[in-house]
Number of protein chains: 2
Amino acid sequence: MRHVLLYGLVGGLLIAGLKLVEYRWLMVEHSVEIYGALVAAVFAAFGIWLGLRMTRRTQTVIVREVAVAAPVDFVRDQGRVEALGITPRELEILELIASGMSNREIAQRECVSENTVKTHSSRLFGKLAARRRTEAVQKARQFRLIP
Amino acid sequence: MRHVLLYGLVGGLLIAGLKLVEYRWLMVEHSVEIYGALVAAVFAAFGIWLGLRMTRRTQTVIVREVAVAAPVDFVRDQGRVEALGITPRELEILELIASGMSNREIAQRECVSENTVKTHSSRLFGKLAARRRTEAVQKARQFRLIP
DNA sequence: GGTGAAATCATCCTTTTGCATGACGCCTTC
DNA sequence: GAAGGCGTCATGCAAAAGGATGATTTCACC
């Protein structure tokens with residue numbers, strides 16, 4: 001880390017500086033205790049500063065999930081789809097049923113016979129354990145198969 | 001702060017300890033530089049530790065609002081209800097239909113005859129301009145009459 | 001005390017839906 | 001090439017749903 005190198009450098013300079021101070025400038029007889037205390041104080045301050053510096057940017061980002069009134073973009077529970085063994089075609093029919101169309105209308109829209117639609121919806125009901133289309137729609141919505 | 005007092009105390013003890021070490025135990029002629037480096041290292045470490053300790057709780061809590069599937073508390077569009085002239089009873093029947101029940105089941109649940117349920121739903125379909133219960137449910141949901 | 005909305009029930013009839021069952025063609029997979 | 005999933009279509013029957021119409025009761029409101 002850059003700080004450590006910087007720390008070492010500054011430390012060395014400080015020591016040298018203190019030595020100079022003792023030998024060249026003050027020329028006073030300081031006791032070793034005072035000398036040590038000086039060094040200690042300087043380095044302690046520097047350490048605290050370094051510690052603060054190192055931890056200053058330690059911002060703990062707490063992602064709090066807040067219930068925001070969001071137009072929940074629908075995502076299909078694909079796992080459930082596969083778990084129930086619902087085929088893509090059945091899913092289409094399911095959506096059309098949920099939109100309120102009759103079997104006949106669905107048949108015309110999808111260009112298949114009404115019997116085919118009946119077959120699909122029957123299988124769908126079986127897989128959803130529903131006995132009516134309204135129940136199928138309700139359960140499908142619960143299972144997040146349709147919006 | 002408690003930490004500062006503790007720091008001073010430990011600092012004094014350390015200095016005293018180092019003095020003892022120098023005078024009583026090792027009795028070796030250490031250069032002032034080494035002695036200073038020792039003290040510096042100890043106090044620097046202590047300072048860093050103290051700095052870390054002091055700033056540990058300085059967590060900047062950033063609350064990031066995340067759009068989460070908010071079960072938007074449903075509020076019925078009472079205006080629409082009145083505009084369509086839908087009666088409370090019809091609204092009840094509508095909810096039961098939307099929950100996937102058959103006319104017979106609704107009749108039993110509400111302790112009325114199946115014919116009554118049929119009448120209610122028929123009127124409901126008329127007011128909602130729906131020809132099937134699934135369509136009625138879809139439109140009612142669009143109109144925010146039901147969740 | 002009459003009026004009207006709301007809820008209840010009925011009857012007849014049609015349409016829709018649901019269930020069971022079988023079959024065929026097209027793919028992919030083994 | 002056999003097996004199985006998927007989509008397609010059919011037939012027959014039973015149940016459910018829906019439409020039209022009329023009737024009765026209750027209750028609030030004028």
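Author: Let us start with a term: a polar contact is a pair of N or O atoms within 3.5 Å; within protein, one must be able to donate a hydrogen and the other to accept it, and residues adjacent in sequence count only if both atoms are side-chain atoms. The model is predicted, with local features needing pLDDT of at least 70, side-chain atom pairs counting only at pLDDT 80 or more, and totals for chains, interfaces and linings using all residues. Residues are numbered from 1 along each chain as its sequence is written, chains are lettered from A and ligands numbered from 1 in the order in which they are written, and side-chain values use heavy atoms, leaving out hydrogens and water.

Reader: Thanks! Which side chain has an N or O atom 2.5 Å from a phosphate oxygen of DNA strand C?
Author: DNA strand C also has a phosphate oxygen 3.0 Å from a polar backbone atom of A:Asn103, but that one involves the backbone. The side chain at 2.5 Å from a phosphate oxygen belongs to B:Thr87.

Reader: Which element gives the largest share of the surface near DNA strand C?
Author: Helices (H or I, at least four residues) and strands (E, at least two) are DSSP runs, numbered from the N terminus. Two or more residues each come from helix H5 (103-110) and helix H6 (114-128) of chain A, and from helix H4 (88-98) and helix H6 (114-128) of chain B. With 5 residues, the largest share comes from H6(B).

Reader: How many residues of the surface near DNA strand D are charged?
Author: Asp, Glu, Lys and Arg count as charged; Ala, Val, Leu, Ile, Met, Phe, Trp, Tyr, Cys and Pro as nonpolar; and the others, Gly among them, as polar. On this surface 3 residues are nonpolar and 8 are polar. The number of charged residues is 8.

Reader: Within what arc do the buried residues of H5(A) fall?
Author: Buried means under 20% relative accessible area, exposed over 50%, and partly exposed in between (1.4 Å probe, protein chains only). A:Asn103, A:Ile106, A:Ala107 and A:Glu110 are buried in H5(A). The arc is that of the directions from the helix axis to the C-beta atoms. These buried residues line one face of the helix because their arc is 100 degrees.

Reader: Is A:His120 buried or exposed?
Author: A:His120 sits in helix H6 of chain A. Leaving aside residues up to four places away in sequence, A:His120 is in contact (heavy atoms within 4.5 Å) with A:Arg89, A:Glu90 and A:Ile93. Its relative accessibility is 16%, so A:His120 counts as buried.
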